[in-house]
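Welcome to the tour! Open your viewer, show the whole chain, and follow along one selection at a time.

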Amino acid sequence: MSVHDDLTSVQRSLDELLRSVGRLEQQLRGSLEMRRVRTDADHLRESVALLREASQGPAAAERRPLVTIPDTPYDMSLWTDSDDEGLGARDRHAP
């Protein structure tokens, strides 16, 4: 089997698991254990989605836009009226 086929099989099994968890939730409302099972099932769904994305190779990563951060210094006027963490305001002394 290919990775795509394996991921499709896992997705089908996960869909069935989520349906079963939904039925259990209706019967065992409010239990802490049931909330944990629901959370775990949701984490599995997110993990499979990440695996599917990663399996698509570098083409998927190329579609995500990159954020460039310039090397030029920041405009110092951005920091007017700001406090230095732990030191207080620039025009006052620390206690």
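Start with the surface. The accessible surface of the protein chain comes to about 8,500 Å², and 56% of that belongs to carbon and sulfur atoms; such areas come from the Shrake-Rupley method with a 1.4 Å probe, and for residues only the protein chains shown count as cover.

A word about what you are viewing: this is a predicted model, where local features need pLDDT of at least 70, side-chain atom pairs count only at pLDDT 80 or more, and totals for chains, interfaces and linings use all residues. Residues are numbered from 1 along each chain as its sequence is written, and side-chain values use heavy atoms, with hydrogens and water left out.

Now colour by secondary structure. Helices (H or I, at least four residues) and strands (E, at least two) are DSSP runs, numbered from the N terminus.

Next, select L24, which sits in helix α1 (residues 3-27).

Move on to M76, in the loop between α3 (58-63) and β1 (83-84). M76 counts as exposed because its relative accessibility is 58%.

Finally, zoom out: 9% of the 95 residues of the protein chain count as buried.

Notes
Buried < 20%, exposed > 50% of the residue type's maximum accessible area, 1.4 Å probe, protein only.
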